[in-house]
Amino acid sequence: MNEQLRAISELNRVIHEPGRLMIVALLAGVKECDFLFLLNETKMNKGNLSSHLARLEEAGYVEIEKTYRGKVPMTLLRLTRKGRTAFDEYRKGLMAAF
Amino acid sequence: MKNPIAQYIQFVRNIERAKREGRTGELLKAAKENAELQKIMLRPRQYATTNGAGEIGWGTAWLCFALSSYASVILPASPWRGRVGMFFLLCACVAMPICLWASKKFVIQPRIGYVAFRPEKSRWIGMIIGMVVAAGVSIALSLWLIPEMIHAAPSSAHHAAATTVSMHDTPSGSDKLLIAGGGLMNAILYLMFNAVSIKEHRWKWASFVLILVMPPIIGHLHPGNYLQMSPPVMLFQGSVYFLSGVITLIWFLRHHQPPAPEAE
């Protein structure tokens with residue numbers, strides 16, 4: 001059991017938070033998406049989603065690009081290579097923890 | 001994404017190891033967690049099939065094939081008859097990509113948001129294998145059907161090599177088999193289109209049964225050879241696909257309203 005607790009404590013805390021885990025899992029399944037798509041999928045409010053994305057960007061897991069589609073502003077989001085590696089390791093760690 | 005077969009083998013190995021160590025409950029818990037993550041990762045791809053655009057595209061293609069066949073029978077003989085038939089054939093070819101593009105541009109992006117998928121090698125491999133299998137089946141079918149459908153005989157002493165072609169008018173066993181097989185293929189495809197949404201739309205099971213059962217019945221009610229039986233079957237299947245897609249699209253539009261302008 002001690003080993004299990006140690007494995008759980010070694011899980012990536014940035015990704016382990018449920019909201020951020022959902023964001024990273026969604027981004028892992030696509031090449032890129034916009035803010036509206038994540039808002040729809042996660043059912044979070046804009047403030048929560050923004051703060052989670054800021055935390056993930058700070059950790060270098062998510063790349064945020066502000067652009068325009070025609071005249072409409074669009075925020076594009078994609079997982080970085082580091083983010084993908086971290087997510088894969090998190091999933092392995094999750095299996096190992098149990 | 002990883003190879004699902006390799007993942008399954010790894011999963012079975014893990015279960016065996018966990019059984020030996022007496023901790024299956026924990027492993028199942030972890031597997032559940034992982035399955036949940038996998039579900040979330042695959043969710044964005046479901047929008048392409050849950051809004052009915054695929055069904056509308058496929059239904060339109062079948063309707064165009066049927067109209068193309070009818071055009072050659074109904075329209076009076078003129079240079080336009082062939083052109084009208086070709087026009088419907090062209091429409092059939094472009095119906096699916098146009099519907100998917102329009103759904104992405106005018107339905108998914110304004111309501112759900114923009115999403116782009118990663119290029120997958122396995123998809124291309126699947127497409128190439130599919131094309132090879134389809135070409136093989138087509139060649140085998142044509143080789144099998146030519147002796148049955150075409151009766152070749154010398155027509156004149158002046159042209160010994162020339163032949164006349166006459167079609168038989170009563171359905172043979174292979175004609176009925178082909179019609180029933182086509183119905184089965186379309187029914188399976190219908191299930192594949194609706195693998196995600198059929199849990200929510202129970203009425204789609206009725207459409208599935210119609211697509212599966214009606215082609216042999218139409219073939220029975222509309223006697224003739226395979227080519228004569230095909231247009232009404234295509235018309236029916238196209239109509240069912242199209243109507244099913246339109247109902248799904250209306251449901252989708254009602255349940256996914258576009259966000260307020262200040263959403264971003």
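A nonpolar core is a set of buried Ala, Val, Leu, Ile, Met, Phe, Trp, Tyr and Cys residues that are joined through side-chain atoms within 4.5 Å. The word buried stands for under 20% relative accessible area, exposed for over 50%, and partly exposed for what lies in between, with a 1.4 Å probe and protein chains only. This is a predicted model, in which local features need pLDDT of at least 70 and side-chain atom pairs count only at pLDDT 80 or more, while totals for chains, interfaces and linings use all residues. Residues are numbered from 1 along each chain as its sequence is written, chains are lettered from A and ligands numbered from 1 in the order in which they are written, and side-chain values use heavy atoms, with hydrogens and water left out.

Q: What makes up the largest nonpolar core, and which residues have the most contacts inside it?
A: The largest nonpolar core has 38 residues, and those with the most contacts inside it are A:I23, A:L27, A:L38, A:L49, A:L53, A:Y61 and A:F87. Elements of both chains each supply at least two residues of this core, among them α3 (18–28) and α6 (81–97) of chain A and α2 (24–42) and α5 (79–111) of chain B. Here helices (H or I, at least four residues) and strands (E, at least two) are DSSP runs numbered from the N terminus. The largest share, seven residues, comes from α3(A).

Q: Which residues does A:I23 touch?
A: Contact means heavy atoms within 4.5 Å. Leaving aside residues up to four places away in sequence, A:I23 touches A:L38, A:T42, A:M44, A:L49, A:H52, A:L53 and A:L56.

Q: Why is B:N186 called buried?
A: B:N186 has a relative accessible area of 4%, and because the limit for buried is under 20%, the word applies. This residue lies in helix α7 (residues 173–193) of chain B. Not counting residues up to four places away in sequence, B:N186 touches B:W58, B:W62, B:I211, B:Q237 and B:Y241.

Q: What makes the pair B:N186 and B:W58 a polar contact?
A: A polar contact is a pair of N or O atoms within 3.5 Å; within protein, one must be able to donate a hydrogen and the other to accept it, and residues adjacent in sequence count only if both atoms are side-chain atoms. The side chains of B:N186 and B:W58 are joined at 3.0 Å, so the pair falls within the limit.

Q: Why is B:S103 called buried?
A: B:S103, found in helix α5 of chain B, has a relative accessible area of 7%, which is under 20% and therefore counts as buried. Its side chain makes a polar contact of 3.0 Å with the side chain of B:N51.

Q: How many salt bridges does the rule find across the interface of chain A and chain B?
A: A salt bridge is a side-chain nitrogen of Lys or Arg within 4 Å of a carboxyl oxygen of Asp or Glu, and across this interface the rule finds zero of them. For polar contact, the rule finds eight residue pairs, with both residues at pLDDT 80 or more.

Q: How many residues form the contact between chain A and chain B?
A: The contact takes 32 residues from chain A and 32 residues from chain B.
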